[in-house]
Amino acid sequence: MRLRNLVVGLAAGSAVLVGPVLSAASAHAAPATASCNHPCHPPASPGYTYITDYYWASSCNDTGNQGINAHRWSTYQCTGGGQFENYELWVK
């Protein structure tokens, strides 16, 4: 019984300590994602079509190169990216 009370007490205490940290982190992330309607970062030149978002820059580049090799498009750009934003694949 004592062990159970100790475990429950520790779990409740950690939730109290972690809760404000998670709330602060989500409050920090909200402005970056809420300030943009997809797509957020258009390419540098006109004529590109938006395809989709990628979490990793390497995934965006791999898909862009695969499309060139398959002759689905002739060029691509991966725009955006960063701590709170995904990379956007644009093709022409």
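The model is predicted, so local features need pLDDT of at least 70 and side-chain atom pairs count only at pLDDT 80 or more, while totals for chains, interfaces and linings use all residues. Residues are numbered from 1 along each chain as its sequence is written, and side-chain values use heavy atoms, with hydrogens and water left out.

His38 lies in the loop between α1 (2-34) and β1 (49-54), where helices (H or I, at least four residues) and strands (E, at least two) are DSSP runs numbered from the N terminus. With a relative accessible area of 56%, His38 is exposed; buried means under 20%, exposed over 50%, and partly exposed in between, using a 1.4 Å probe and protein chains only. Leaving aside residues up to four places away in sequence, His38 touches Asp53 and Glu88, a contact being heavy atoms within 4.5 Å. His38 and Glu88 are 50 residues apart along the chain, and their C-alpha atoms are separated by 9.0 Å.

Most residues other than glycine have a negative phi, yet His71 has a positive phi of about 60 degrees.

β2 pairs with β3 (residues 87-91) in the antiparallel sense over five bridges, pairing requiring at least two DSSP bridges between two strands. Gln77 stands opposite Trp90 in β3.

The largest nonpolar core consists of six residues, Tyr54, Cys60, Trp73, Tyr76, Leu89 and Val91; such a core is a set of buried Ala, Val, Leu, Ile, Met, Phe, Trp, Tyr and Cys residues joined through side-chain atoms within 4.5 Å.
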